[in-house]
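Biologist: I have a structure to look through. Can we take it question by question, starting with charges and rings?

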Amino acid sequence: MERNETFETIIEGIVNKQYVVVDDFFSAEEVSLLKNGLLDVLHQQAFKKSAIGNRTDEKVIEAIRGDYIFWLDEQTDTPASALFFKKVNDLVAYLNATCFLGIAEKEFHYALYPEGTFYKRHLDVFQNDQRRRLSLVCYLNDENWLPEFGGELVIYKDSGDVTIFPERGRVVIFDSQTLEHEVKPVQQKRYSITGWLKTR
Ligand code: OGA
Ligand code: MN
């Protein structure tokens, strides 16, 4: 497989510190295409209140999590989904070929955090389902996200907390099984695609 520097950076980050931040994983043009896909779904009023737990055991709990989500279907042929899954599938092929991660499934949703919402500290794996291996968050906000907008992702590591702002085009990838994290309250709408690469 041909060497890909971005994917190598991702692997190095995951192996050495269980997380990695990649700026410009998506270009400004790509972000605007993905964001349009999200806004189409929003205008169709297809976003749903997020829940806690997996699909067989889910509860809506406002005090824990306030975002709205829409699950992406790779078969649905929109420019946004074609672009997004092409990039993710390339990454998965690279991970499986070079580090034998055994990623066999994936699931992704658009996420919208309205003003005042947050997602309290949590782990992305469920008690009854441990297949999530890597969490991926792709931020679709306009440029110049200011610190006072809040909405930072905080990853809790033994070596100290890591704070990551949801900058346009930035992607954060982290170990779903070990890293607790939270989304701090946002002061304005926060857009992303979030999902998981899973083992069988
Ligand atoms: C999640 C999550 C982080 C983020 O949806 O499980 O932790 O930065 N998202 O949006
Ligand atoms: Mn999470």
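Biologist: Over which ring does the charged end of Lys17 sit?

Modeller: This is a predicted model, where local features need pLDDT of at least 70, side-chain atom pairs count only at pLDDT 80 or more, and totals for chains, interfaces and linings use all residues. Side-chain values use heavy atoms, without hydrogens and water; residues are numbered from 1 along each chain as its sequence is written, chains are lettered from A and ligands numbered from 1 in the order in which they are written. A charge sits over a ring if NZ of Lys or CZ of Arg is within 6 Å of the ring centre and within 35 degrees of the ring normal. For Lys17 the distance to the centre is 4.5 Å, and the ring is that of Tyr19.

Biologist: How far is the charged end of Lys120 from the centre of the ring it sits over?

Modeller: The ring belongs to Phe118. The distance from its centre is 5.0 Å.

Biologist: How many aromatic pairs does a search of the whole structure find?

Modeller: Rings of Phe, Tyr and Trp (its six-membered ring) pair if their centres lie within 6.5 Å; planes under 30 degrees apart are stacked, over 60 edge-to-face, the rest tilted. The search finds 9.

Biologist: Why is the pair of Phe70 and Tyr110 classed as it is?

Modeller: The ring centres are 6.4 Å apart. The planes meet at 25°, so the pair is stacked.

Biologist: Which residues form one aromatic cluster?

Modeller: Phe84 and Phe85 pair edge-to-face, 5.4 Å centre to centre with 80° between the planes. Both are buried, that is, under 20% relative accessible area, with exposed over 50% and partly exposed in between (1.4 Å probe, protein chains only). The cluster is Phe25, Phe26, Phe84, Phe85 and Phe108.

Biologist: Which protein donors does the manganese ion have?

Modeller: Donors are N, O and S atoms within 2.8 Å of the metal (3.2 Å for Na, K and Ca); water is not among the atoms, so sites may look incomplete. Here they lie 2.1 to 2.2 Å from the ion, ligand 2. Their spacing along the chain is H-x1-D-x56-H. They are His122 (NE2), Asp124 (OD) and His181 (NE2).

Biologist: Are His122 and His181 buried or exposed?

Modeller: Take His122: it is buried. His181 is also buried.

Biologist: How far does a polar side-chain atom of Arg190 lie from an oxygen atom of ligand 1?

Modeller: For His122 the corresponding distance is 3.2 Å. Asp124 also has a polar side-chain atom 3.2 Å from an oxygen atom of ligand 1. For Arg190 the distance is 2.8 Å.

Key
A polar contact is a pair of N or O atoms within 3.5 Å; within protein, one must be able to donate a hydrogen and the other to accept it, and residues adjacent in sequence count only if both atoms are side-chain atoms.
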